[in-house]
Amino acid sequence: MWYLGNFGRWDINNLKKIHYHLIYINYNKLIILRKKSYDSGNKASLAHHLVKKLKGTIDATTFDSSNNSTNLIETSDKSKENNYKFSDTLLLPKTTFSQRAFASVRELEIQDASFKTLYSWQYNRTNVKGTFVLQDGPPFANGDVHLGHAVNKILKDFIVRRKILEGYRVSYIPGWDCHGLPIEIKALQNSEEDAPRDPLQIRRKARSFAQDAVALQKAAFRRWGVIADWDNAYETMNNEYEASQVIAFTEMFEKGHIYQDYKPVYWSPSSRTALAEAELEYVDQHESDSVYVKFPIRCAKDTFLAGLPGDIQNSDIQASLLVWTTTPWTLPGNVALCVNPSASYAIALVAFASRPCKEVWVFMKAQIFDLSRLFASLPSTSRGQCSHGLAAEVSEFVVIGEILGKALVGTTCCHPIFKERESVVLSADHVSSYTGTGIVHANPAHGLEDFYVCTTPDLEGKVLVNDVSSVCYVDDAGKFTDFDSRFSGLDIFKEGTQNIIGMLSGEGLLVKHEIHLHRYPYDWRTKKPVILRSTLQWFCRIGGPLLARALQGIETLLMIPETSKNRLHSMLSARKDWCLSRQRVWGVPIPVFYKNNDKRQPVISRDISQHVAGLFRAHGSDIWWSAEHDDALLPPSRRKEGLIRGTDIMDVWFDSGTSWNAVTESATGSHVADLCVEGSDQHRGWFQSSLLTSVALRGALPFKTILTHGFVLDSEGKKMSKSLGNVVSPNNIINGNPNKNKEAAYGADVLRFWVASSCFTSDLYAGKESFAKSSENVRKLRTSARFLIGVLHDFCIRLHGVSQSNMLTIDRYIMARLHAFQEELNLHYSSYRFQCVVFRMLTFTSYLSSFYFTLLKDRLYAARADGPERRSAQTVLFYCLEVFTEALAPILPHLVEDIYKHAPRPHGKETKASVLMKDWTALPAPTPDREKLLVAGSIIEKLRPLINEKRLASLKNITSNEQLEIRIALSHALKPFLDEFEGKKDELKEALGGASVELSFGLSGSCKTDSLEVELLSGEKLLYSTNISVEKTRMNKCPRCWLYQSTNPKCLCPRCREVLNKKPAP
Ligand SMILES: [Zn+2]
């Protein structure tokens, strides 16, 4: 129950004023209580009294705001009659629409009454322009909501509501991404330490965790007023979804897009799984141990020897190739050294301070300056424990020759770790002169380029490394395997690296060790560094026809903002093959079986997958782990072949990326959505996975338009984080912060207004001030709406509406402005410029209240209730309210529903459950003289401040223009625009706000003139001369309307006399 305040009501029969209290009970129930002495401002005693009365001592009827009649509860004997006052005869605004929103109570009631059936109503209506499909990129079912969710869901809701208003059937099925490592990790954290790591147990916990998160998020999204097909929301862990995903995977395999390979992928030792590009984050100042190592030449090619000076050729000076690497732990698996065949390489003679023998070092010539730095005695590290190696002993360093890289190809060098092995020099175009020595050590197990160089057959068809696994010495956890007892079990980042550096130093191969700071990929969840590691994985082949078709598809895609297109194009072009398999349990199993329990003999086939999908549909994918025998997962025809199920699950991006297949296509019959709205991080995530799977399976993109939004930062532009204490929770915006009593509970509309008023295409700023400002702006809009509802209390468009041709000129001018305003808003909506919509709403309402509403007040309050002048104004105000409501409906749905419930309903029209269901009264078409009216109105608006100036300059003791007799002479050229006002002195008086106005055209040469700038509709601005003179009127102030229109003091003006004559005498 809320106390809304009190109001006076004119009792028309007895000409007296009675005061009432207004008490709000619940949605559409108000109590109006006759004011009495006992309640002099004391709300507690009033409430007490009310409760007593409601218990039955009187017949308490309630007031139903949905039918515009008032049932008053008389709670006392008749109060003393008030003295008659003229002001009581004025038709002041009258409404039960409250100035305050009471958002925390009212919004819930509105949602209950108006939003629940909205989605199904609009989806099932028949007379529509077409179906508009909004595809939901599913949020991750991981924890509570944040402002980023609010931006995403609220933007989508603006669009859904707008499209419903435009007459479309909207298909918007919201969803959640429920699988994946972060949820699995949380499930593991929640398990007791000694609990068995049983896949089914982990999956059960992960599922329950995801379900809780979905429930939490769904409740929040609905609280924000988001309408969607909530009853059919999808979860990627649903049986049906998983079944269709298994089929999609199999189809992609059949079409040749998916293959199995043993090659380097991003591997997170901390999560013990492969990671996709989208699961990485890059850390700028990662510290790596970088080493310069020499690889002594064992057997040089003649081409190399030819480049040496004769005396060196014939000496026993040892020549070495100089290599730089930031991953010393990959050196044990070294198989080759790569050089750029067309680059120049320098041959340098090196002498040492501590020993007599000289050496020859070879490196890319372009790197010479970089390398000479190594020999300077500058401290190169803050750590101190780094070994300076041979570089510290160099006393002389002279370049004595130069050869091309191709002269080195075929040279063999000694392996730095294993004496019995050798490392061969290969030609590789990827070797650049950006960093290092221009000679790259290659280990095909830990670098993609190395992998291609070492596994691609040479001209003779020979392959350097047939089995890459033979040189992969790193296990799942990032430790060395037992390939060599010196390293076995050592962490590659720690002791493993230190041991190798120590060994290189001991062998005299280390030239320099230093700490190198660079950008390095980390696991986005564990925040630990990742490595490239070769494992047997499933990949989607991106290059070739798939990429070409995807890039071609992007050309026809509409992206907002436009720059997004380049971003998506370049990210996709640079994309490597997509690793689809993960070595975890919380996900959809890859429907693969293996012959002879050999991972190199996979079986994926349609008949098996269809059987598996059927099992998933019926039992969920848990069956993959719970089925005791592999044959139980196979169709009868494939049993007893000795097939063993695989253990990998699919990358979560494949889950969400196939939602166009599992959701859109099955709901609408087409896999192509009209629109997707997601955060700009999805350029490398969901946009790509959706696009690639759709192009692979349907040959076309799954969306026509993509709208992207930025991230939410605090008011200073900093990322929100718990440690900075700058996180703003959407729940606290709506309900207030439970820990801070003083923080306002703004409600969902204010949160939505903040989204609309932010420039969402870049990052959004959220601070206390931004929400306070939004709240203030929503309140302004509410105030304007309240004024409009209040002055329309006795108006019905069907019964009292005035056609444009019968309106007063100034009203016709506002109608023309309103048309232009509506056209502008439509344009903003069609290009999703919500910021422009709210900005224009604020400026236009502020314009109307300072100009039009102000000048109308006399006509609305004092003119004859059903006179043509007042009805003309009310007609315009009715359309204003209609245009406002329609424009705000997508953005502030709670406010708009509240307006709808309180606004006078046109005669014979029932109130619908929601404003979106109502029949809108379209603005009548613009009149042919619209352009002329717009110019005329703008001249009037320009003249008003000039009149003010004149008064202030010459009549300082007069405080209002209403006491002025105004004479205006304008240039003849303006006559055609203003001829509408000819002979309409009262209209001019109202428009310009004087006791009398004389308007003439043609200026005499002697009078002093002002200049008046008139803007034509072409945009052309012209300066005209004008002459304005003002003097104090001899007329008297009317005691009723306060205008200076009475001939005698304290007497009513003729207009008021006429109005009151039609009323019963006091
Ligand atoms: Zn009057």
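**Strand pairing, a metal site and a helix crossing**

Author: This is a predicted model.

Reader: How many bridges join strand 14 to strand 15, and in which sense do they run?

Author: There are 6 bridges between strand 14 and strand 15 (residues 359–364), and the two run antiparallel. A hairpin of 6 residues connects strand 14 to strand 15.

Reader: How many residues of strand 14 are buried?

Author: Of the 9 residues in strand 14 (residues 344–352), 8 are buried, so the strand counts as mostly covered.

Reader: Turning to the metal, which residues coordinate the zinc ion?

Author: The zinc ion is held by the SG atoms of Cys 1038, Cys 1041, Cys 1053 and Cys 1056, at 2.2 to 2.4 Å. Along the chain, these donors follow the spacing C-x2-C-x11-C-x2-C.

Reader: Where do Cys 1038 and Cys 1056 lie in the chain?

Author: Cys 1038 lies in the loop between strand 37 (1036–1037) and strand 38 (1044–1046), whereas Cys 1056 belongs to helix 31 (residues 1054–1061). The pair is 18 residues apart and links distant parts of the chain.

Reader: Are Cys 1038 and Cys 1056 buried or exposed?

Author: Both Cys 1038 and Cys 1056 are buried.

Reader: What is the geometry at the zinc ion?

Author: The site of the zinc ion is tetrahedral, with angles of 104 to 116 degrees among the 4 donor atoms. For reference, the ideal angle for four tetrahedral donors is 109.5 degrees.

Reader: A change of topic: how do helix 13 and helix 19 cross?

Author: The axes of helix 13 (residues 545–556) and helix 19 (residues 686–698) come within 10 Å and cross at roughly 110 degrees. The two helices are therefore roughly perpendicular to each other. Helix 13 passes helix 19 in a right-handed crossing.

Reader: Finally, what is the strand order in the open sheet of 3 strands?

Author: The order is 26-25-27, with antiparallel pairing.

Reader: Why is one side of strand 26 and of strand 27 left without a neighbour in the sheet?

Author: Strand 26 (602–603) and strand 27 (644–645) stand at the edges and each has a single partner strand, so one side of each lacks a neighbour in the sheet. Strand 25 (residues 593–594) pairs with strand 27 over 2 bridges, and Tyr 594 stands opposite Ile 644 in strand 27.

Technical notes. Residues are numbered from 1 along each chain as its sequence is written. This is a predicted model: local features need pLDDT of at least 70, side-chain atom pairs count only at pLDDT 80 or more; totals for chains, interfaces and linings use all residues. Side-chain values use heavy atoms; hydrogens and water are left out. Donors are N, O and S atoms within 2.8 Å of the metal (3.2 Å for Na, K and Ca); water is not among the atoms, so sites may look incomplete. Four donors count as tetrahedral if all angles lie between 85 and 135 degrees; four count as square planar and six as octahedral if opposite donors are over 155 degrees apart and all others between 65 and 115; anything else is irregular. Helices (H or I, at least four residues) and strands (E, at least two) are DSSP runs, numbered from the N terminus. Buried means under 20% relative accessible area, exposed over 50%, partly exposed in between (1.4 Å probe, protein chains only). Two strands pair if DSSP finds at least two bridges between them. Axes are lines fitted to C-alpha atoms, for helices over the stretch in contact, and angles run from 0 to 180 degrees between N-to-C directions. Angles under 35 degrees count as roughly parallel, over 145 as roughly antiparallel, 65 to 115 as roughly perpendicular and the rest as oblique. A crossing is left-handed if the near helix is turned anticlockwise from the far one by less than a right angle, and right-handed if clockwise.
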